Amino acid sequence: EPVVDAGRGVGSLVRFDASPGEAERPVGGGHEAQGWANLSNAERAVAALVAEGLTNAETAARLFISPHTVDFHLRHIFAKLEVGSRVEMTRIVLREQALTDAP
């Protein structure tokens, strides 16, 4: 959705709808749950694009969010997946995608 200020477009609002039966999880406040199943839809979208090899800036442009927001999501993704690099995260993303695509 476009974000307008004084009649001038200043940004976009992106909503990530939860899959049927899956609620969006709030981020922050207290201990965050660990593992792929505990990533929010926004975090999964960021993780998938980064796993394709996109930079933070490219991921931000693709999702119509700021690079700072991508960095914010990546910090939470790394903590939830207990990884320290994009390579480790990519391995998990590819594994989860393979499980999802399996018959």
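**View 1. The crossing of helices H3 and H4 in the predicted model.** From H3, the residues Leu74, Ile77, Phe78 and Leu81 take part in the contact, and they meet Arg86, Met89 and Ile92 of H4. Sorted by class, the residues of this H3 and H4 contact comprise six nonpolar and one charged, with no polar residue among them.

View 2. Phenylalanine 78 has its place in helix H3. Between the C-alpha atoms of phenylalanine 78 and glutamate 88, which lie ten residues apart along the chain, the separation is 9.0 Å.

**View 3. The crossing of helices H1 and H3.** The axes of H1 and H3 come within 9 Å and cross at roughly 95°, which makes H1 roughly perpendicular to H3. On the H1 side, Ala42, Glu43, Val46, Ala47 and Val50 form the contact, and their partners in H3 are Val70, His73, Leu74, His76, Ile77 and Lys80. The residues of this contact of H1 with H3 fall into seven nonpolar, two polar and two charged.

**View 4. The crossing of helices H1 and H4.** Helix H1, which spans residues 41-51, has an axis that comes within 9 Å of that of H4, with a crossing at roughly 105°; that makes H1 roughly perpendicular to H4. Here Ala47, Ala48, Val50 and Ala51 of H1 meet Arg86, Met89, Thr90, Val93 and Gln97 of H4, and the residues of this contact divide by class into six nonpolar, two polar and one charged.

**View 5. The largest pocket and its lining.** The largest pocket holds about 160 Å³ of space, and its lining is made up of Trp36, Arg44, Ala48, Val93, Glu96, Gln97, Thr100 and Asp101. Helices H1 and H4 each supply at least two residues of this lining, and the largest share, five residues, comes from H4. By class, the lining residues of the largest pocket are three nonpolar, two polar and three charged. Among the residues of the lining are Ala48, Val93 and Gln97, and these three residues also take part in the contact between H1 and H4.

Technical notes
Residues numbered from 1 in each chain as written. Predicted model: local features only at pLDDT ≥ 70, side-chain atom pairs only at ≥ 80, totals over all residues. Heavy atoms only, no water. Contact = heavy atoms within 4.5 Å. Helix = DSSP H or I, 4+ residues; strand = E, 2+ residues; numbered from the N terminus. Nonpolar A, V, L, I, M, F, W, Y, C, P; charged D, E, K, R; others polar. 1 Å grid on protein atoms, 1.4 Å probe; cavity = no way out; pocket = protein on both sides within 12 Å on 5 of 7 lines; lining within 4 Å. Points joined across faces, edges and corners; volume = space filled by probe spheres on them. Axes fitted to C-alpha atoms, helices over the stretch in contact; angles between N-to-C directions. Parallel < 35°, antiparallel > 145°, perpendicular 65-115°, else oblique.
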